[in-house]
Amino acid sequence: MKILQIGASAPQFTLLNQYNEPISLAQFAGKKVLIYFYPKALTPGCNTQACGLRDSKTELEKLGVVILGISPDSPEKLAKFTDKKALNFLLLADQDHQVAEQFGVWGEKTFLGKTYHGIHRISFLIDEKGKIEQVFTQFKTSNHHQVVLDYLTK
């Protein structure tokens, strides 16, 4: 697993969102974009992380940041996640994990003694020119939003 680093160009992609609409990173040119990768919708850690971002969306927007969540879930599951947790930002379905692989967040994981491949919980702040400005790897699901806000307001 080779995670993209600060200064690298963000891979261009188009994925379906929770409303089954194609969304491209290129649509957000000229804006900062927080791309956060998470393993699975409607699981405790992912719920906590998403709700923290939901509750911080106004602050992030004031700082010029758009939120995009990416997981290997289907658009239908993302729609349920959005409805159940009243999410106010776009979730994207990377079912074949191609985008996760391009960002270097798809790899081997171990849980309860079992090894498998999945998404590592890593976030990227993309600048207005499409370059990776910051990579967030050190956070808990409960403080992810605050780590991002602290970086943006430092």
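**The aromatic cluster**

Mentor: F37 has a relative accessible area of 0%, and because buried means under 20%, F37 counts as buried. This is a predicted model, and 8 aromatic pairs are found in it. In one of them, the ring centres of F37 and F103 lie 5.3 Å apart with 55° between their planes, so this pair is tilted. F37 belongs to strand β3 (residues 32-37) and F103 to helix α3 (residues 98-103), so the pair ties together parts that are 66 residues apart in sequence. F103 is buried too, with a relative accessible area of 0%.

F37 also pairs with F124. Here the arrangement is edge-to-face, with 6.0 Å from centre to centre and 90° between the planes. Distant parts of the chain are linked by this pair, as F37 is in strand β3 and F124 is in strand β8 (residues 123-126), 87 residues apart. The relative accessible area of F124 is 0%, so F124 is buried. Together with F13, the residues F37, F103 and F124 make up one aromatic cluster.

The UniProt record, an unreviewed entry, gives C46 as "active site". C46 sits in helix α1 (residues 44-62), and its relative accessibility is 1%, so C46 counts as buried. Apart from neighbours within four places in sequence, the residues in contact with C46 are Y38, P39, K40, F81 and R121.

How values were computed: Residues numbered from 1 in each chain as written. Predicted model: local features only at pLDDT ≥ 70, side-chain atom pairs only at ≥ 80, totals over all residues. Heavy atoms only, no water. UniProt positions renumbered as here; feature names shortened; annotations may be inferred. Helix = DSSP H or I, 4+ residues; strand = E, 2+ residues; numbered from the N terminus. Buried < 20%, exposed > 50% of the residue type's maximum accessible area, 1.4 Å probe, protein only. Contact = heavy atoms within 4.5 Å. Phe/Tyr/Trp six-rings, centres within 6.5 Å; stacked < 30°, edge-to-face > 60°.
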